[in-house]
Amino acid sequence: MKTLNIILLAASFICAQAMGQPSHYLDKDLAKPRDFNVPEDLGKQSAKFKQTLDQGDLKGFYALVRPFFDGMNKLDRSAITREELIDQLWSFYFICGAPLYKVDVTTGDSWPYDDNDDLSAKSGVASFIYTVNIEEASNITGIPERQLKKLGAVYFSSIIKTLRDGYVHGFNEKVDKLIEQAFVTFKDDFHQVQNNQSNISIQQSRNNMIEFFIPTLEEEFVEMLVKYYPSHANEVIKYIKLAGYQDDEISKLIDRTVGRTSKTEYLYKGKIGREHDKRAKDTQKKQ
């Protein structure tokens, strides 16, 4: 009996591996659409995203994103159905929760991915979230507006945090040393040296892409939060913190995105306002 149990356990493990482990690929901390009153009815597209992630095929997963975006752009928004919109919301969840590709700049193996479509996918879905008409989406799906706003704020903050975490700080300063090390580590195999230098270039290009995406995403993110919560500074700050910004970064982020206007004055009460005034005075002194 003990031997039979071991065999059954091994078989179950092999089966699980063959089916894939979605929890390994999706961000476990990211709230699911059902947590925002979205029905758990996966449509054709979101089911494809889930299946590909369950199979552990990250490259195949991100290959599905561009056709998904193209389909959304061609869709007649005035005629979108409840099922199509719910399918989109679940698709947003999978794209937001999927991990970024990893680049190993110490190996001589070639990078297994073709391009940086994972970064483009994150940036693209954030822009779609930014353009969602909350009132129309609520009318079509029956989901309360406050829940759709929470969904948008949570998923957008997740994207920014993921991209910021994917940026390797100080990488350019390390490049020369990494290249020199490659000729030592892989001195007997020039092909591995080439692969390693290619990986280094890929990481540089990924850093550059993230640097390019972040300013626009920050602006859209804070604008969206101000629109969602026009008189609730605590809500705006809560989601900014969820995106990974520390206390000493929040005031500067608000300044460089929405700035201090009649519509954003409520954000400048207390500490943020004092920090803003101090920076303004320091700037005047330097002039």
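The chain contains 14 helices and zero strands, where helices are DSSP runs of H or I of at least four residues and strands are runs of E of at least two, numbered from the N terminus. The order of elements from the N terminus is accordingly α-α-α-α-α-α-α-α-α-α-α-α-α-α. The model is predicted, with local features requiring pLDDT of at least 70 and side-chain atom pairs counted only at pLDDT 80 or more, whereas totals for chains, interfaces and linings use all residues. Residues are numbered from 1 along each chain as its sequence is written, and side-chain values use heavy atoms, with hydrogens and water left out.

Of the 287 residues in the chain, 42% count as buried; buried denotes under 20% relative accessible area, exposed over 50%, and partly exposed the range in between, for a 1.4 Å probe and protein chains only. Contacts are defined by heavy atoms within 4.5 Å. Among those between residues at least 6 apart in sequence, 76% join residues at least 24 apart.

Helix α11 spans residues 190-228 and comprises 39 residues. The distance from its first C-alpha to its last is 55 Å, close to the 57 Å expected at 1.5 Å a residue; the expected span is 1.5 Å times one less than the number of residues. A kink of about 30° is located at isoleucine 214, shortly before proline 215, the bend at a residue being the angle between axes fitted to the seven residues ending there and the seven starting there. At the start of α11, a side-chain oxygen of aspartate 189 comes to within 3.0 Å of the backbone nitrogen of histidine 191. This separation can be set against the polar-contact criterion, namely a pair of N or O atoms within 3.5 Å, of which, within protein, one must be able to donate a hydrogen and the other to accept it, with residues adjacent in sequence counted only if both atoms are side-chain atoms.

Several residues of α11 were examined individually. Arginine 206 belongs to this helix and counts as buried because its relative accessibility is 4%. Beyond its neighbours within four places in sequence, arginine 206 contacts Leu100, Tyr101, Val103, Trp111, Asn116, Asp118 and Leu119. Asparagine 207, also in α11, is classed as buried because its relative accessibility is 5%. With neighbours within four places in sequence set aside, the contacts of asparagine 207 are Gly166, Tyr167, Val168 and Phe171. Tyrosine 228 likewise lies in α11, and its relative accessibility of 6% is the reason that it counts as buried. Under the same exclusion of sequence neighbours within four places, tyrosine 228 is in contact with Ile129, Ile134, Lys149 and Ala153. Tyrosine 228 and leucine 148 are separated by 80 residues in sequence and by 10.0 Å in space, C-alpha to C-alpha.

Aspartate 109 is situated in the loop between α6 (82-97) and α7 (117-131). Its contacts, not counting residues up to four places away in sequence, are with Gln192, Asn195 and Asn199. The C-alpha atoms of aspartate 109 and asparagine 196 are 6.9 Å apart, across a sequence separation of 87 residues.

Rings of Phe, Tyr and Trp (its six-membered ring) pair if their centres lie within 6.5 Å, with planes under 30 degrees apart counted as stacked, over 60 as edge-to-face and the rest as tilted. Phenylalanine 68 and phenylalanine 69 form a tilted pair, with 5.9 Å between centres and 40° between planes; both residues are buried. Ring pairs connect Phe49, Phe61, Tyr62, Phe68, Phe69, Phe92, Tyr101, Trp111, Tyr113 and Phe128 into a cluster.

Charged side chains are also placed over aromatic rings, the criterion being NZ of Lys or CZ of Arg within 6 Å of the ring centre and within 35 degrees of the ring normal. Arginine 164 lies over the face of tyrosine 245 at 3.8 Å from the ring centre, and lysine 227 lies over the face of tyrosine 130 at 6.0 Å from the ring centre.

Two further residues concern other parts of the chain. Asparagine 37 occupies the loop between α2 (22-25) and α3 (44-54) and has a phi near 70°, a positive value in a residue other than glycine. Asparagine 37 is partly exposed, with a relative accessible area of 43%. Aspartate 255 is placed in helix α13 (residues 247-257) and is partly exposed, at a relative accessible area of 25%. Aspartate 255 and tyrosine 268 are 13 residues apart in sequence and 9.7 Å apart in space, C-alpha to C-alpha.
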